[in-house]
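Keep the structure in view as you read.

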Amino acid sequence: MDISLTINGKQQTLNTSPTDTLMHALRQAGYFSVRFGSSDGQTGAAAVLVDGRLVNSDVMLVGQAVGHSIETVEGLTHAVGDLHPIQKAFMETGAIQSGYSTPAMILATKALLEQNPNPTEADAREALSGILCRETGYVKPVEAVLRAAAYLRGEDVPPYEGPQIVDATYFAEMPPADGSDDTPDFSGGSSEIRNPKSEILTKPQVDIKLTSGVPETAVVGKPETKVDAVKLAKGNPAFVDDIDMRGMLYAKLLVSPHAHARILDIDDSEATALPGVRAVIHYKNVERVKYASGGQSYPNPPPHDQVSFDNKVRYVGDRVAAVAADTLAIAEQALKLIKVDYEVLPAVFDENEAIQPGAPIIHDEADTADIHDASRNIVHHIEAQLGDVEQGFAESDYVFERHYYVHQVQQAPIEPHIAISWWDSDERLVIRTSTQVPFHARRMVAPLLGLPVRRIRVIKPRIGGGFGVKQEMLIEDIVGHLTIKTGRPVRLELTRSEEFRSSRTRHPQTITWKTGVMKDGTLRSQKFSVVANTGAYGTHGLTVQTVTGLRGLSSYNCPNRQFDCIVAYTNLPVPGAYRGYGAPQALFGLEVHMDEIAHELGMDPIEFRRKNWVQAGDPMPIAPLLGEGEKETVTDVPTIESCGLNECFAQGMKAIEWERKFEPGWHEVPGKPHLRRGLGAAMCMHGTAIPGLDMGGASIKMNDDGSFNVLVGATDLGTGSDTVLAQMAAEVLGVPLADILMYSSDTDMTPFDVGAYASSTTYISGTAVKRAAEKVADQIRERAALMLELDSWDEIRLADKLAIAPDGRSVTLEAVALHSLHQADQRQIMANASYVSAASPPPFAGQFAEVEVDTETGQVTVTKLVMAVDAGVPINPLTASGQVEGGMTQALGYGHCEEMAYDASGNLINDEFGPYHIYRADEMPWLKAILVQTNEPTGPFGAKAIAEIPKDGVAPALANAIFDATGVRVRRIPLTPPRVYEALEQAK
């Protein structure tokens, strides 16, 4: 029926129902800024203003909105190029990452500022508290609110300063960690100091530090506004679902209610007979083709233990069938009509129980190869050893052995998985999908659909968060099967419950660290043992745990090291890739373990770490033994070429005011004897891309006006990679960022790229862009020499949109373009390049946390988090610091409150936000990100990775801070009140 609504000041008639949600009606009317995050209003992504108040349109009915004034972000401006001051503030501060929830945040800001033109930070946080953000850590959105307020008050607002950047320094001796004031006095005369490669340097000065030697640049290293900021701030169509397609069908999944069962039969006759149902697919009518769903390079690591639809289900939420119908309501009704005859089987959920004799066998099918021992549910057994650990333990003065446990959490992007498929006019299958790996997805889905790769095109538009959960070929085969069966466009979007149950999670692990130490604190031997839980399928099971071993045994120098890992099948929902990819698990155990050893030795924990941690010039001998799964990607022992760890800890200790912990009485809270304060730290080391495997390509062409099109296969998840890559191209070509037009992630139109994972984009794709730009720059110089009648073009430089000869004469790049395209010796100035690296330079960080512990309840309140990160040269400090702030916030949830909880039958009982708690803006501790700049010689413009390392250190820093506050160790996360209280009681 026709219903009249007032939207953005205009009366509009919508063909809808009064019982439809306002969100659905607005999106049907083309207001794509209103976005789905859940159906219960928990995410706030669908927020709009109703009579000036922020309302979640996913829980408001159309009938309730009649007679009221509705505002969406589309109504803030009325012309192309216009920006509202709030939108401008969000762009300038870097408050936009994926941008999926940005329109809702902008409307929340508008509602606040109309009521309170001079808000405090607390007011801003309260205003944003109903909108969940999985990306920013809320730091920059809060800054945007306050900046917008200043704009609207008519103030002269200075340029946004951006994050703190500190040049890496090499101290002769770092400031003492114990708070003493016996810092060496170098004020008179020369002092002998050593740099990380142990070269002796003599330097008479007070400030004894060596700068990282980063050259001056024009665009690189500057806090440029994101190239996609305008469309995201204005809520323009950008995401998978922001299109209208004629004849669209809506798909729904039928999933298993049992943790382990055999399907004896499926009867879909009533469902197929329902008017409006166009297809029902399941194991009886879809070909059985084995695959592994992890979005990884060819050949995908084993085992290939999945099929599109199986006659056995292995967890609650496993696929059973899918329906395509004219409407979502019909599809949901059809699911209820499918009759499934299950034979329920015994299930096992704990990884240690799953590998015991007599446990239920989860993969008993005959057609899955390369399972290490299916009869014991052991998917893989990973082993690596350097030296002789047993001899090392015998030689050690002390041996410490401790057990730790890390749990299962979900990536929880606000945009759930969604894919739309259709036949194009050439009868090629197009899949528009929210994926991190479009090229892998195309290659992997082709055999499942029975189509050659050349007949499939995968398009990745903007993504509303990924964090690894979309490094998977997860639902693309389902929409593909349904489009092939019906000939119609098909859309499948997971509900929030399905996102929790049926997508991917982080691997739980049972961890044992055994370490031999000499009396002076030198590490002698380390054995790292893991039993990992890969759930029902082995996707990423091999590679995540390999990275666990690599990260755990690379951080500190030790002559004898051993990794022993069993990866077990269970009947839990499937773990996969999650930001950090095995490192957060390893470093929780390692960094708590190192803290414990230091205290038991009577050493300061930071001094103990510093005595053993790796530095520039040190080898990483375990790396060749723990490559990408079974692929020999690292053949030579790599050497660390840049490391800012000393400065990371110096800066982090200063920012958290580390010396307070040595002040008498500081741990007590005046007037509150039940509260105790504590400080904790952790060292972090990660990786940059997968050496010898990750490859990215780039293509650049010059336009008539001297601008450039840059085409990359790299996938921007909201990380700002499109912007960073554009900055590199602009730097080489001597133009402002505005002259670079970015195109990415379309398997038909852009060069190949492995995708967004392994912290590879800046390093791998960035080098490809830099190389392609250098080729284009040489062509421009050659053309400019022709125009200026020069014999040589080698010394022509590009700057300020000019090609400038050594004698000072110049031509504009526009003139060069027009000359090359239209006037003489015509040619298209363009080039392409690709890059794969043998190196994987590690970023480093110091993570610090301050907590208050209620000893009567076990409640832990996190009051401060500081991370100082060495990621080489930050190409864009604004986006880099945003990665650190957002990553710390996700890591805070991992260590503190997030946890997937199951009943005895394996049913997830907290499959929605709220019961599964992620931090809100008004709950956040004080956050600080510090960028410690080093110059990585193998990286483009000196860059290393930054996206994943913020996930690694928060959990152990919190556990160490709790120990500092209470003297009690908690070796299992998350650090919830019951768990901490139990530890406190046991200590009594």
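This is a predicted model. Begin at strand β25, residues 672-685. Ten of its 14 residues are buried, so the strand is mostly covered under a cut-off of 20% relative accessible area. Two neighbours flank this strand in the pairing pattern: β24 and β33.

Take β24 first. This strand spans residues 668-669 and pairs with β25 in the antiparallel sense, over two bridges. Valine 669 sits opposite lysine 672 of β25. The two strands make a hairpin, with two residues between them. Look at the turn: glycine 671 has a positive phi there, about 80°.

Now turn to β33, residues 844-854. Its pairing with β25 is also antiparallel, and here eleven bridges join the strands. Glycine 678 has valine 851 as its bridge partner in β33. Alanine 681 is bridged to phenylalanine 848 of β33.

Step back to the sheet. Six strands make it up, in the order β6-β35-β34-β33-β25-β24. The sheet is open, and its pairing is mixed. At the edges are β6 (164-167) and β24, each of which pairs on one side only.

Next, a loop residue. Serine 642 lies between helices α17 (605-612) and α18 (645-656). Is serine 642 buried or exposed? Its relative accessible area is 3%, and buried means under 20%, so serine 642 counts as buried. What touches serine 642, leaving aside its neighbours within four places in sequence? The contacts are Ala616, Pro842, Phe844, Asp870, Thr934, Asn935, Glu936 and Lys944. Methionine 473 gives a sense of distance: it is 169 residues from serine 642 along the chain, and their C-alpha atoms are separated by 36 Å.

Move to the helices, and to α3, residues 85-92. Which of its residues are buried? They are Ile86, Gln87, Ala89, Phe90 and Met91. Just after α3 comes glycine 94, with a positive phi of about 75°.

Finally, take in the whole chain. It has 24 helices and 35 strands. Its radius of gyration is 28 Å, close to the 30 Å that the globule rule gives for 988 residues, so the chain is as compact as a globular protein of that length. Along the principal axes, the C-alpha atoms fill a box of roughly 85 × 85 × 60 Å.

Of the 988 residues, 63% are buried. Consider the contacts between residues at least 6 apart in sequence: 78% of them join residues at least 24 apart.

The surface comes last. The chain exposes about 34,600 Å², and carbon and sulfur atoms supply 49% of that area. How far apart are the mean positions of the positive and negative charges? There are 87 positive and 128 negative charges, and their mean positions are 2 Å apart.

Methods: Residues numbered from 1 in each chain as written. Predicted model: local features only at pLDDT ≥ 70, side-chain atom pairs only at ≥ 80, totals over all residues. Heavy atoms only, no water. Buried < 20%, exposed > 50% of the residue type's maximum accessible area, 1.4 Å probe, protein only. Helix = DSSP H or I, 4+ residues; strand = E, 2+ residues; numbered from the N terminus. Pairing = 2+ DSSP bridges. Rg over C-alpha atoms; globule rule 2.2 N^0.38 Å. Contact = heavy atoms within 4.5 Å. Areas by Shrake-Rupley, 256 points an atom, 1.4 Å probe, with all protein chains shown as cover. Lys, Arg positive; Asp, Glu negative; His and termini not counted. Charge placed at Lys NZ, Arg CZ, Asp CG, Glu CD.
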